[in-house]
Amino acid sequence: MLTNLRSDVRAVFDNDPAARGWFEVIFTYSGLHAIWGHRLAHWFYGKKCFTIARVVSQMSRFMTGIEIHPGATIGKRLFIDHGMGVVIGETCEIGDDVVIYQGVTLGGTGQGESAAKQYRCWYSGQNRHSGRQAG
């Protein structure tokens, strides 16, 4: 687990030239906080503690402005830069080495529950920019 946390921090340095030090990154990068909150919520989700998972997810959303459903699958070294308004839905599977910028929605169809269950998104090694919606 500690290796994953270090990998998440390393992703910030690899993708943001403005990152100056470990202390700054760990305490001020909301994208990193959202990813860590998701990893905890996803663990509860995997243990079928759905309500606790959603509470952790919503607390993270409140603190960061980034909404990640606890059922979403996120790979290693995800970097969310300027993440306000990012939404990652339950059906989304994000691979390794992905960069996401503000205002991006991944995984939602807006067509009801049956359509959402049939829809899956998968991203790996890609940048997702504001103003572009996956779908």
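In what order do the elements of the protein run from the N terminus on? I began there and read off α-α-α-α-β-β-β-β-β-β-β-α-β-β. I noted that the model is a predicted one.

**Entry 1: overall counts**

I counted the elements and got five helices and nine strands in the protein. Next I looked up burial. Of the 135 residues, 40% count as buried.

**Entry 2: helices α3 and α4**

How do α3 and α4 pack, and at what angle? I found an angle of about 175° between α3 and helix α4, which covers residues 50-64. The axes of the two helices are 8 Å apart. Angles over 145 degrees count as roughly antiparallel, so I wrote down α3 as roughly antiparallel to α4.

I then listed the residues that meet. On the α3 side they are Ser30, His33, Ala34, Gly37, Leu40, Ala41, Phe44 and Tyr45. On the α4 side they are Phe50, Ile52, Ala53, Val56, Ser57, Ser60 and Thr64. I sorted the residues of this contact by kind and got nine nonpolar, six polar and no charged.

Ile52 has its place in helix α4 and is partly exposed, at 43% relative accessibility. From Ile52 to Ala41 I read 7.5 Å, C-alpha to C-alpha. In sequence Ile52 and Ala41 are eleven residues apart. Both residues are on the list for the contact of α3 with α4, Ala41 in α3 and Ile52 in α4.

**Entry 3: salt bridges**

How many salt bridges does the structure hold? I found four, and I wrote up some of them.

One of them joins the side chains of Arg39 and Asp8, at 3.0 Å from N to O. Arg39 lies in helix α3 (residues 30-46) and Asp8 in helix α1 (residues 2-15), so this pair ties together parts that are 31 residues apart in sequence. Is Asp8 buried or exposed? Asp8 counts as buried, at 1% relative accessibility. Arg39 counts as partly exposed, at 25%.

Another joins the side chains of Arg77 and Asp97, with 2.5 Å from N to O. Here I checked where each residue sits. Arg77 is in the loop between β2 (73-74) and β3 (79-81), and Asp97 is in the loop between β5 (92-94) and β6 (99-101), so the pair ties together parts that are 20 residues apart in sequence. Arg77 is partly exposed, with a relative accessible area of 26%. Asp97 also counts as partly exposed, at 40% relative accessibility.

I also looked up Glu24 and Arg20. Their side chains meet in a salt bridge at 3.8 Å, N to O. Glu24 is partly exposed, with a relative accessible area of 25%. Arg20 counts as exposed, at 71% relative accessibility.

**Entry 4: a sheet of three strands**

I traced an open sheet of three strands and wrote its order as β1-β4-β7, with parallel pairing. Why is one side of β1 and of β7 left without a neighbour in the sheet? β1 (67-68) and β7 (105-106) stand at the edges and each has a single partner strand, so one side of each has no neighbour there.

I followed the pairing of β1 with strand β4 (residues 87-88). The two strands pair in the parallel sense over two bridges. For Ile68 I looked up the bridge partner in β4, and it is Ile88.

**Entry 5: positive phi values**

Most residues other than glycine have a negative phi. I looked up two residues with a positive value.

Lys48 has a phi near 65°, a positive value in a residue other than glycine. I found Lys48 in the loop between α3 and α4. Lys48 is exposed, with a relative accessible area of 63%.

His82 has a phi near 50°, again positive in a residue other than glycine. Where does His82 lie? I found His82 in the loop between β3 and β4. His82 counts as exposed, at 58% relative accessibility.

Conventions:
Residues numbered from 1 in each chain as written. Predicted model: local features only at pLDDT ≥ 70, side-chain atom pairs only at ≥ 80, totals over all residues. Heavy atoms only, no water. Pairing = 2+ DSSP bridges. Helix = DSSP H or I, 4+ residues; strand = E, 2+ residues; numbered from the N terminus. Buried < 20%, exposed > 50% of the residue type's maximum accessible area, 1.4 Å probe, protein only. Axes fitted to C-alpha atoms, helices over the stretch in contact; angles between N-to-C directions. Parallel < 35°, antiparallel > 145°, perpendicular 65-115°, else oblique. Contact = heavy atoms within 4.5 Å. Nonpolar A, V, L, I, M, F, W, Y, C, P; charged D, E, K, R; others polar.
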